[in-house]
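Please keep the sequence and the model in view while reading.

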Amino acid sequence: MKQPSDSTPDQAPADPAATDDMLAGQPVGYWSGRAHAAVTRHLRDTLARVDVTQPQYWVLNRVSGGPSAPERAEVVAQLTPLADGPHEISRVVDQLLHRGWLRADTARRLHLTDTGEAARLRLRALVSEVREVVHAGVTDEEYVAALKVLRTMVTNIEGGGPA
């Protein structure tokens, strides 16, 4: 395990008022968690105003996004790791079938209805507006750099990075 050097900054307590010169000592978990919570809350609040949940938006995009219609079980398996619980995506599929935004064929493959595709396009525009708010004052280069740093940290923790 790498030992801290005398030049390694001490881990400071999380401080929302930290100045730029103090940021190197701030805990990444605090800031990444706070960013996740703020962005997710803002997106979910925006979608709630049009009576849609974030998982519903995920399912609409997943059903729309492949070369062929996915099976219900495939959609559930792919999106469950993102969900708040193991049964949420299955329930969302049922909600969207009931709403008439999805239909299932005899092979249990899911398809967007015309109404579902229209909703997906409206939601995509709304989510794009949310993205503009979140990214205000952040260049694409800065955004890419931030994601690369986070990706490296995840790799370091989950394996494949420096020990």
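In this predicted model, helix α3 (residues 72–79) and helix α4 (residues 88–99) have axes that come within 9 Å and cross at roughly 130°. Angles of 65 to 115 degrees count as roughly perpendicular and those over 145 as roughly antiparallel, so α3 is oblique to α4. The crossing in which α3 passes α4 is right-handed. On the α3 side, the contact is made by Arg72, Val75, Val76 and Leu79; α4 contributes Ile89, Ser90, Val93, Asp94 and Leu97. By class, the residues of this contact are 6 nonpolar, 1 polar and 2 charged.

Helix α3 also packs with helix α2 (residues 54–64), at an angle of about 125° and with the axes 11 Å apart. The two helices, α2 and α3, are therefore oblique to each other, and their crossing is right-handed. Here α2 supplies Trp58, Val59, Arg62 and Val63, while Glu74, Val75, Gln78 and Leu79 come from α3. The contact of α2 with α3 divides into 5 nonpolar, 1 polar and 2 charged residues. Val75 and Leu79 of α3 take part in the contact with α2 and also in the contact with α4.

The last topic is aromatic pairing. The structure holds 1 aromatic pair. The ring centres of Tyr30 and Trp31 lie 5.0 Å apart and the ring planes stand at 85°, so the pair is edge-to-face. Tyr30 has a relative accessible area of 27% and is partly exposed. Trp31, at 30% relative accessibility, also counts as partly exposed.

Conventions. Residues are numbered from 1 along each chain as its sequence is written. This is a predicted model: local features need pLDDT of at least 70, side-chain atom pairs count only at pLDDT 80 or more; totals for chains, interfaces and linings use all residues. Side-chain values use heavy atoms; hydrogens and water are left out. Axes are lines fitted to C-alpha atoms, for helices over the stretch in contact, and angles run from 0 to 180 degrees between N-to-C directions. Helices (H or I, at least four residues) and strands (E, at least two) are DSSP runs, numbered from the N terminus. Angles under 35 degrees count as roughly parallel, over 145 as roughly antiparallel, 65 to 115 as roughly perpendicular and the rest as oblique. A crossing is left-handed if the near helix is turned anticlockwise from the far one by less than a right angle, and right-handed if clockwise. Contact means heavy atoms within 4.5 Å. Ala, Val, Leu, Ile, Met, Phe, Trp, Tyr, Cys and Pro count as nonpolar, Asp, Glu, Lys and Arg as charged, and the others, Gly among them, as polar. Rings of Phe, Tyr and Trp (its six-membered ring) pair if their centres lie within 6.5 Å; planes under 30 degrees apart count as stacked, over 60 as edge-to-face and the rest as tilted. Buried means under 20% relative accessible area, exposed over 50%, partly exposed in between (1.4 Å probe, protein chains only).
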